[in-house]
Amino acid sequence: MTTRRTFIRNTSLGSALFMLPSFRILYNPTADNHPDPGEVLPLNGEWHVRLDPENKGIANHWNKAGFVNTARLPGSLQSQGFGNDITEDTEWWDGKLKGIWKTSPVYEKYRLPENIKIYEFLQPVKHYLGAAWFSKEFVLPRGWKDKRVTLLLERVHWKSTVFLNGVEIGSQMYLGTGHEYDLTGSIREGQNRMTIRVDNSRIVDVGEMPHSISEQTQGTWNGIIGKIELRATDKVWIDNVQVFPDTVEKKIRIDIDIKNQIRKNGNGILEFFVKGPAQTFPAIKKRIDIASEHTDLQFDYTLGNDIELWDEHHPALYELSIKIEGKIDDVRYFHTQNAVFGMREISVKGTQVAVNGKPVHLRGNVDCAIFPVDGFPPMNFDRWKKLWLLYKEWGMNLARFHSWCPPEAAFAAADEVGLYLQPECSEWAGNYSEDQFNFLVEESREVLKRYGNHPSFIMMALGNEKSIKKEYMESLFGEWKKDPRRLYTGKTGGKPLLDEADYYVGGASKKGTRARYYLSWPPRPEPSYFYQFQPSTDRDYVQVVKDDSRPFISHEIAQRCSYPDVINLPEKFTGSLQPTYLAIARDQLEERGMLGQTTDFVNASGKWQVEMYKEEIEANMRTPRIGGFHLLSLQDFPGQGTAPVGFMDFFYDPKPYVTSREVRKFCNHTVILARMKKRTWFSNEKFEATIELYNFSGKPIIPSRVLCTVKSDFGEILYQEEVKAKEEYPDSAILPVGTFAFDLNSFQSPAKYIFEVSMDEIINDWAFWLYPETLPAVAVNDILISETMNEEVEAALGNGRKVLLLPKRDNLKGKLEQCFGTFYWTAFDFHGGESSACGLLTNPRHPVFNHFPTDFHGNWQWWELLTQASPMILDDFDSKTPWPKDYYPLIQMIPSWKVNRKLAVLAEAKVNRGKLMICTMDITSDLDNRKVAGQFRYSLLRYMNSGDFDPEYKIDPNSLRDIFTEL
């Protein structure tokens with residue numbers, strides 16, 4: 001093979017020979033344009049199809065056979081009704097379902113053949129893993145006889161093998177890019193038959209749950225999506241163009257790969273020009289030598305001093321247009337190619353990623369390939385642009401693609417919107433075999449080639465978590481870093497952490513210092529910062545930054561769930577994937593008498609979810625010089641047992657309890673922060689807060705004033721004070737603003753207050769609670785207080801007395817975990833995980849809260865009470881005498897949507913002739929140091945001593961006994 005490599009240096013605008021005329025654009029991969037039909041032949045539409053579950057099609061020469069059934073491409077087979085019915089024993093990507101769904105009698109009726117419903121992930125109407133054959137006849141357009149003809153399959157799940165007129169052309173198995181085949185020499189004039197075998201089985205071990213191709217999110221769809229088309233070019237063509245911007249020298253380096261199927265040396269004319277946001281630059285024309293097969297060219301092209309740099313705030317785009325033409329022997333050739341790029345430089349500056357030399361703080365969202373209609377991603381520009389604008393509306397500046405790579409349209413839309421991207425190599429596995437390594441080499445090489453020009457493509461990782469053989473990762477770094485246009489890391493949140501990595505994404509630093517509120521698996525209460533430490537707004541991760549000289553990005557922070565809308569959400573699923581877990585939850589709610597509480601569950605759990613997200617995001621933003629975070633997630637997650645962790649549902653529709661405007665207060669390019677040592681204060685104390693400004697807006701902030709305001713819970717302004725501000729706060733930093741303090745003795749207590757800080761239009765706020773320093777004694781002579789359900793309690797209730805029952809966790813049926821926070825991710829079932837509930841639901845106007853103000857949802861003041869509390873189960877699946885279906889406790893704990901039991905930490909009822917109050921929160925121990933718990937005890941006893949204590953429901957004594965372990 002003959003290859004010619006030419007280097008042309010110092011090509012400036014002054015050396016331009018003439019202005020290049022308009023090009024005849026054949027195909028622009030970054031836009032949904034309409035190519036010349038003489039150069040592109042779409043093959044979308046009806047194809048004949050046949051499934052090959054026994055994998056006998058190759059041996060039986062199906063490449064030469066006709067098929068009876070038809071399906072439409074682009075599309076997937078499963079979405080069109082092809083595949084197998086779902087059964088208890090369906091062989092999924094990772095085998096048959098296991099665990100509680102398979103073994104618990106609670107789910108027995110959902111394992112019946114006529115009623116299969118799973119909660120592990122969105123349930124497909126049909127499922128198929130294996131080979132499928134697609135066949136279509138077409139007529140070669142006139143004029144293509146002497147052309148080079150290629151086939152593009154823009155995205156395939158997974159391995160494609162192409163046959164033309166019965167002859168095998170080849171196979172490809174990229175998950176993150178298109179499959180392209182050269183048909184020249186095999187295609188013929190007139191009628192042709194194209195046959196494509198697509199195999200979506202586990203060809204290479206890319207893991208049990210990769211989002212590129214498992215049921216956990218995207219689904220194991222079999223088919224071809226995006227563009228399916230034949231393309232014709234002359235036999236000398238521009239095969240690849242890569243643009244390397246140099247923002248310092250204000251020029252670009254252009255690498256051009258020219259291919260030649262004429263198989264003879266020759267020469268030709270190369271012309272190119274660049275069109276920028278505000279001008280079209282003069283063109284360059286050069287005579288070049290063409291080798292017989294392959295020619296590499298490299299040019300330096302100076303743009304001048306007036307270039308516009310690309311970043312998230314100013315996404316200025318340039319377009320390079322290239323034309324080659326000439327004649328070898330008597331064969332003329334002509335071809336054009338375009339490449340969109342941005343003038344930007346990605347580097348490391350200290351412990352942060354830098355764009356054009358300026359440090360950025362990455363506010364990333366984890367995109368888990370969730371497409372809830374039919375499973376496969378949209379392939380058009382407009383859909384992705386709409387999504388990326390939504391990301392920015394909710395304060396994000398980066399998308400991290402968890403174990404998958406999006407299509408071309410996603411990159412092009414991010415270029416235009418100004419969003420940073422981190423794709424991954426379609427895997428979530430331990431990588432120790434040669435097959436795995438070879439797949440990763442080819443997959444990553446193709447990703448870099450196909451998407452490398454996009455300015456939004458600023459980072460790349462191998463895949464998600466787990467580990468890879470050290471030598472493999474070193475080899476990949478050696479290959480990747482030949483392209484310096486972005487930063488590279490290994491496993492996102494995984495091992496090993498190599499010196500060659502430009503940045504690191506993890507839950508903790510290399511020295512083990514944690515950088516998120518929870519880091520352990522499976523989740524337990526003890527390691528959680530929400531459980532361990534009294535609520536404050538003072539936490540940061542400064543030590544993490546000191547532990548490593550590279551940028552550190554916190555991995556998959558937050559992961560706090562809200563209760564899903566089991567009534568309205570299912571109506572949105574109009575495709576081949578169905579949320580059967582919601583149907584199960586709805587059944588269970590109805591069985592427990594809680595279906596009518598769905599809206600309250602959604603809103604109460606959601607309000608508390610937002611508070612917890614706000615704190616964890618702000619902790620990262622309070623950390624100077626940290627690289628940023630990846631949030632999990634803006635959108636709900638349908639796999640791994642389901643995790644409704646989003647501010648938006650699967651369809652990116654906002655949930656009713658939160659707006660983007662609220663979220664931008666604490667997650668945006670500019671945020672006011674306040675450090676408070678605690679959330680609960682006492683009337684003899686001085687409230688203190690330190691004010692900081694997070695500014696990554698792309699410009700300095702010049703405030704007119706900074707105003708600190710204390711408001712009542714109803715919005716009434718009670719106190720204001722202006723903090724002396726600096727004249728200017730520079731960009732790309734977390735900066736001190738000032739301090740704010742005031743005495744609390746003049747404020748009413750107990751009460752909830754709102755502390756608000758505003759720097760002109762930049763506003764943020766935090767709730768805090770004020771309690772009296774001391775409390776008067778409350779008489780309890782008329783109340784029997786007991787920790788156990790015993791004969792004395794039963795006698796007192798029989799005699800018409802008041803009883804306050806304070807059972808311990810070990811005496812309660814279920815012995816559930818603490819219930820302060822919402823659920824973490826998906827790791828919970830009948831015994832909880834980190835928490836046993838999804839927050840609390842109560843009526844703030846009930847007189848039991850007259851001296852303990854509360855929201856209808858969980859909040860920070862409940863920390864002393866709920867971090868040690870185990871809920872009681874009022875109605876369980878096996879309850880023999882459950883509490884009435886229409887009974888709702890004073891403080892109801894919102895259940896798991898997997899296990900919908902009626903839970904409470906505070907309940908009242910009439911039993912026999914007596915009045916009973918049951919409280920599973922600790923309101924007796926160490927009250928000198930647990931003054932918030934003491935305040936709740938005071939409010940509870942005041943209520944029980946009042947005439948308001950008159951429970952509405954009478955409970956059977958057996959229902960009371962049923963909440964305890966064996967008595």
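Of the contacts (heavy atoms within 4.5 Å) in the protein chain between residues at least 6 apart in sequence, 73% join residues at least 24 apart. The structure is a predicted model, in which local features need pLDDT of at least 70 and side-chain atom pairs count only at pLDDT 80 or more, while totals for chains, interfaces and linings use all residues. Residues are numbered from 1 along each chain as its sequence is written, and side-chain values use heavy atoms, with hydrogens and water left out.

The protein chain contains 14 helices and 49 strands; helices (H or I, at least four residues) and strands (E, at least two) are DSSP runs, numbered from the N terminus. Its radius of gyration is 32 Å, close to the 30 Å that the globule rule gives for 967 residues, so the chain is as compact as a globular protein of that length. The radius is taken over C-alpha atoms, and the globule rule is 2.2 Å times the number of residues to the power 0.38. Along the principal axes, the C-alpha atoms fill a box of roughly 110 × 70 × 45 Å. Buried residues account for 62% of the 967 residues, where buried means under 20% relative accessible area, exposed over 50%, and partly exposed in between (1.4 Å probe, protein chains only). The chain exposes about 35800 Å², of which carbon and sulfur atoms supply 47%; accessible areas come from the Shrake-Rupley method with a 1.4 Å probe, and for residues only the protein chains shown count as cover.

Mean pLDDT, the predictor's confidence in each residue from 0 to 100, is 94 for the protein chain, and 96% of the residues score at least 70.

The largest nonpolar core holds 118 residues, of which Trp388 and Trp480 touch the most other members. A nonpolar core is a set of buried Ala, Val, Leu, Ile, Met, Phe, Trp, Tyr and Cys residues joined through side-chain atoms within 4.5 Å. Not counting residues up to four places away in sequence, the residues that Trp480 touches include Cys425, Leu448, Met460, Leu462, Met473 and Tyr488. A second, separate core of 54 residues includes Ala515, Val545, Leu840 and Met893.

Nine of the ten residues of helix H3 (residues 408-417) are buried, so the helix is largely enclosed by the rest of the structure. Among these buried residues are Glu408, Phe411, Asp415 and Val417. Their cover includes strand E8 (148-157), helix H2 (381-393), E26 and helix H4 (434-451).

Helix H8 (residues 580-592) has 13 residues and spans 19 Å from its first C-alpha to its last, close to the 18 Å expected at 1.5 Å a residue; the expected span is 1.5 Å times one less than the number of residues. Its buried residues are Thr580, Tyr581, Leu582, Ile584, Ala585, Gln588, Leu589 and Arg592. Cover for these residues includes strand E33 (577-578), helix H9 (598-621) and strand E48 (902-911). Gly593 follows H8 and has a positive phi, near 75 degrees.

Lys572 lies in the loop between strand E32 (552-558) and E33, and counts as partly exposed at 31% relative accessibility. Beyond four places in sequence, Lys572 touches Asp649, Phe651 and Asp653. Lys572 and Val373 are 199 residues apart in sequence, with their C-alpha atoms 8.4 Å apart in space. Leu797, in helix H11 (residues 791-798), counts as buried at 1% relative accessibility. Residues touched by Leu797, beyond four places in sequence, include Val803, Val911, Arg913, Leu916 and Leu960.

Most residues other than glycine have a negative phi, and most peptide bonds are trans. Tyr652, not a glycine, has a positive phi of about 60 degrees; this residue sits in the loop between strand E34 (628-632) and helix H10 (660-664) and counts as buried at 14% relative accessibility. Asn165 likewise has a positive phi, about 55 degrees. A cis peptide bond joins Leu73 and Pro74, with omega about 5 degrees. The bond from Ser749 to Pro750 is also cis, with omega near 0 degrees.
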